[in-house]
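User: I would like a close look at one part of this model, with the cut-offs behind each term spelled out. Please keep the answer connected.

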Amino acid sequence: MTIATIRAGHGWINKVPEATLLFWIIKMMSTTVGETGADYLATDLHFGLVGTSLTTGLLLACALLFQLRARRYVPALYWICVVLVSIFGTLVTDMLSDLAGVPLAFSTAAFSIAMIATFAAWHAREKTLSIAAIDSPRRELFYWTVILFTFALGTAAGDWVAEGLSLGYANSALLFGGLIALVAVARYAFKINATACFWIAYVLTRPFGASCGDLLSQPAGNGGLGFGTIATSALFLAVIVSLVSYLSFTQKRLTALGA
């Protein structure tokens, strides 16, 4: 991982990580934790959807405040924000469908429109959607707004396909995993625009991770493997912590070497 060059004029450097293999592994696992973690807090700990949403929303606001105030990319801080956004985005969709009775198909369409509108506003103002140029406060605000919509959209789309269309968790994971593979082929074999491929893959990893999380955690009677939300969340969190620790160590080493 390289350290981004300081942008002339205001001293900001790129605030988000490069889209490496480790990035996608952690991203996918964070989406799984978002799905199982939200279920664990709301159901197993009896916080309920509203209580869990308020708690994680407050934690997310605090984490984002520290992230926005940081002057450079900090792996641990960044991925804490992503995990919390994943949980909160899941809960937003769950509250709409479970408490307000909003159909998943409608939520999927609504979040798609909101995400596209944010992209349009971002590009109109900044002339780029590249993650290599998240180097100002305004661009970072656009970035995290889009990230929230991708998680809410991914949750709605994943649940709609797996449950609403009765595809099942395993088939849903295969579907979204296959779509991610097609995006990779489009990028590396046909040289399709890197920014477009990144954001398409980013959206798809949410329902893919959610389907994997449900497949692992849900009981066999619901089409899962029955490992439970506690075991699934703990396993994936342990892997995330290990990988983020490695990234933090690597960044400190590069900084010390003056890279």
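Is arginine 139 buried or exposed, and what is its relative accessible area? Please also describe the salt bridges around this residue.

Analyst: Arginine 139 is buried, with a relative accessible area of 9%, where buried means under 20% relative accessible area, exposed means over 50%, and partly exposed lies in between, computed with a 1.4 Å probe and protein chains only. This is a predicted model, in which local features need pLDDT of at least 70 and side-chain atom pairs count only at pLDDT 80 or more, while totals for chains, interfaces and linings use all residues. Residues are numbered from 1 along each chain as its sequence is written, and side-chain values use heavy atoms, with hydrogens and water left out.

Side chains of opposite charge can pair when their charged atoms come close. A salt bridge here is a side-chain nitrogen of Lys or Arg within 4 Å of a carboxyl oxygen of Asp or Glu, and by this rule the count comes to 4. Arginine 139 forms one of them with glutamate 126, the closest N and O atoms being 2.8 Å apart. That pair links distant parts of the chain, since arginine 139 lies in helix α5 and glutamate 126 in helix α4 (residues 104-126), 13 residues apart; helices are DSSP runs of H or I with at least four residues, numbered from the N terminus. Glutamate 126 is itself buried, at a relative accessible area of 10%.

The side chain of arginine 139 also meets that of aspartate 135 in a salt bridge, at 3.1 Å from N to O. Aspartate 135 has a relative accessible area of 11% and therefore counts as buried. Taken with Arg138, these residues belong to a network of salt bridges that links Glu126, Asp135, Arg138 and Arg139.

Another salt bridge involves glutamate 140, which pairs with lysine 15, the closest N and O atoms being 2.7 Å apart. This pair, too, links distant parts of the chain: glutamate 140 is in helix α5 (residues 137-164), whereas lysine 15 sits in the segment before α1 (21-44), and 125 residues separate the two. Glutamate 140 is buried, its relative accessible area being 0%, and lysine 15 is likewise buried, with a relative accessible area of 0%.
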